[in-house]
Amino acid sequence: MKTIFSAVLLVTTLSVSAQNLGDLLTSGLNDAERFANAYTAPATEAVIYGLSSGWYNSADAKPLGGFEISVIGNFTGFKNKEDKRSFTLNVADYENIRFSDGSQSKQVSTALGDIEGVEILVEDSNGLFSEPFELPAGLSAEGIDFVPSGFIQGSVGLFKGLEVKARFLPKVKNDDVAIGLLGAGLQYDFTKLLPADKLLPVAISAVVGYTSLTGDFNLNDTNVVDGENQRLETNFNTWNFSAVVSTRNIPVINFYGALGYVTGTSNIDVLGTYRVTSGPFQQTYTDPFSLVNDVNGVVATLGTKLKLGFFRINVDYNMGEFNTLTAGVNFGFR
């Protein structure tokens, strides 16, 4: 589980390489913020799609008092997403950044990518240069081609056709990291309104789910750049709206599918005091910038659920701008 927490935080907080933040600030605040936005946006998008998954494993809502406790893991892949693993950096869009080899533009890595060794220089209006430095690569350079997320989820049946859901990840803290997750959802089974609904071979439901992930990362011990109280505060808020269809009344295995809409926002605040003491733009920055990314898109889901008494296993695949594999281990009765 520690690996999962570290990987999610890595993606969501610019901390693929802490030294890169100090390097970027030597180019001036505007250039640092512009690059950081382009670098992190695909990673935050992947996190939002992953967090929005896992809200259902059937369209058949539980009866009054029926419940289920689930341990759910999501794996959002990007191995074949070349447009998310890199972006075009054109120096004309930046005030002070230049490529060491004189190129006008190049493909450089995002936080998901693996492009290494791209060297840039910082140039002021007088043509003076700071020391060259390399732009950061991303998760693929570390051999990681997916963004994981995980949580515990509970579902309880209420009055006819209505089911309430909640998900959480207990707040995890160590010296440098704190991360936690909360969410709530509703599912309504329209087939429960029909006469003799228990005899129907399929169920049809509407599901809405909200998830919030917060994380803090302490930069003071990473020697980013001279300063005090350096930290990153992250917040992700996601919504999933889905229409779900599933088979029912098959004793051991059932199948489900859905068409949904995902929307969410990520916010990464770079906080604290940062003193840049090298290069042409030596300055002290306090709470230098925030990175905000809004995401929305359509997703389609196909899945199956295996029932073994009160013990159940489900697996589904969510297809959208980012594809997510979800696996759940479920306990309960209905």
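Arg231 and Glu233 pair through their side chains in a salt bridge, at 3.4 Å from N to O; the term covers a side-chain nitrogen of Lys or Arg within 4 Å of a carboxyl oxygen of Asp or Glu. Arg231 is partly exposed at 26% relative accessibility, and so is Glu233, at 30%. Here, buried stands for under 20% relative accessible area, exposed for over 50%, and partly exposed for anything in between (1.4 Å probe, protein chains only). A word on the source: this is a predicted model, in which local features need pLDDT of at least 70 and side-chain atom pairs count only at pLDDT 80 or more, while totals for chains, interfaces and linings use all residues. Residues are numbered from 1 along each chain as its sequence is written, and side-chain values use heavy atoms, with hydrogens and water left out.

In total, the structure holds 17 salt bridges. Arg85 takes part in one with Asp114 (3.1 Å, N to O). That pair ties together distant parts of the chain, 29 residues apart: Arg85 sits in helix H4 (residues 82–85), and Asp114 in the loop between strand E4 (105–109) and strand E5 (119–122). Helices (H or I, at least four residues) and strands (E, at least two) are DSSP runs, numbered from the N terminus. Arg85 is buried, at 9% relative accessible area, whereas Asp114 is partly exposed at 36%. Arg85 also meets Asp145 in a salt bridge (3.7 Å, N to O). This time the partners are 60 residues apart, with Asp145 in the loop between strand E6 (133–134) and strand E7 (146–157). Asp145 is partly exposed, at 24%. Elsewhere, a network of salt bridges links Lys62, Glu68, Glu163, Lys165, Lys305 and Arg312.

Helix H3 (residues 29–51) runs for 23 residues and spans 31 Å from first C-alpha to last, close to the expected 33 Å, which is 1.5 Å times one less than the number of residues. H3 bends by about 40° at Thr40, with Pro42 following within four residues; the bend is the angle between axes fitted to the seven residues ending there and the seven starting there.
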